[in-house]
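Q: I have this model open and would like to walk through it with you. Can we begin with how the strands pair?

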Amino acid sequence: MGIVSRIVVGIDGSDGSRAAARWAASLAATTGAQVTAVHGVGKLPDVFVGAPEAVAAGLDVTNTRHLPWRKHAEVTLERWCEPLREGGAAYRSEIVDDFAAHALLSVAEKEQADLIVVGARSHGVVNRMLGGVPYKLAHHAHVPVVIVPIPATRPDDGPPTGGSA
């Protein structure tokens, strides 16, 4: 294995996270690195963590056809990991009960990651003033952070045109 053996990538279904996942998969294919795809769901009050199942049991409606929220989140996260699968990356996914930046930092520390990869985003002036996930990672991570730009698309909404960094 090369210098980079563990990569943590932020995944949230956005164009930026898809670009980050593709970039991480490409690097993992080159270096043989293991990728951990992380999605932070925020800090949920204890009443919500498992509450649907508890309420369903209490109301005796456990034969519902709805997936528990955590299982739904896991299924969704796996769908968002498609660029990792397509790129042939060895990966695992993890849902963390914390906000995105903290989730990525904690998993990177736990996994002894060599690199954190996230997609670039623009959420307007308020987010830039308060600091988005890439900004927070760049200021608090103890490993290199790669911020992958979102590829431009052609005017006819065709496939990405590439672009330069």
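A: This is a predicted model, and in it β2 and β3 pair in the parallel sense over seven bridges.

Q: Which residue is the bridge partner of threonine 36 in β3?
A: The partner of threonine 36 there is arginine 92.

Q: And what is the order of the strands in the open sheet?
A: Five strands make up the open sheet, in the order β3-β2-β1-β4-β5, with parallel pairing. The edges are taken by β3 (90-96) and β5 (145-148), each of which has a single partner strand, so one side of each is left without a neighbour in the sheet. From one strand to the next, the twist averages 25°.

Q: Which strands does α5 lie across?
A: Helix α5 lies across β1, β2, β3 and β4, and runs at about 130° to β3.

Q: How do α5 and α7 cross, and why are they called oblique?
A: The axes of α5 (residues 100-111) and α7 (residues 133-140) come within 9 Å and cross at roughly 40°; an angle between 35 and 65 degrees counts as oblique, and the two helices are therefore oblique to each other. Their crossing is right-handed. The contact is made by Ala100, Ala101, Leu104 and Leu105 of α5, together with Val133, Lys136, Leu137 and His140 of α7. By class, that contact has six nonpolar residues, one polar and one charged.

Q: Switching topic, where is valine 41?
A: Valine 41 is in the loop between β2 (34-40) and α2 (51-58), and is partly exposed, with a relative accessible area of 24%.

Q: What does valine 41 touch, not counting residues up to four places away in sequence?
A: On that basis, valine 41 touches Ile95, Val96, Asp97 and Asp98.

How values were computed: Residues are numbered from 1 along each chain as its sequence is written. This is a predicted model: local features need pLDDT of at least 70, side-chain atom pairs count only at pLDDT 80 or more; totals for chains, interfaces and linings use all residues. Side-chain values use heavy atoms; hydrogens and water are left out. Helices (H or I, at least four residues) and strands (E, at least two) are DSSP runs, numbered from the N terminus. Buried means under 20% relative accessible area, exposed over 50%, partly exposed in between (1.4 Å probe, protein chains only). Contact means heavy atoms within 4.5 Å. Axes are lines fitted to C-alpha atoms, for helices over the stretch in contact, and angles run from 0 to 180 degrees between N-to-C directions. Angles under 35 degrees count as roughly parallel, over 145 as roughly antiparallel, 65 to 115 as roughly perpendicular and the rest as oblique. A crossing is left-handed if the near helix is turned anticlockwise from the far one by less than a right angle, and right-handed if clockwise. Ala, Val, Leu, Ile, Met, Phe, Trp, Tyr, Cys and Pro count as nonpolar, Asp, Glu, Lys and Arg as charged, and the others, Gly among them, as polar. Two strands pair if DSSP finds at least two bridges between them.
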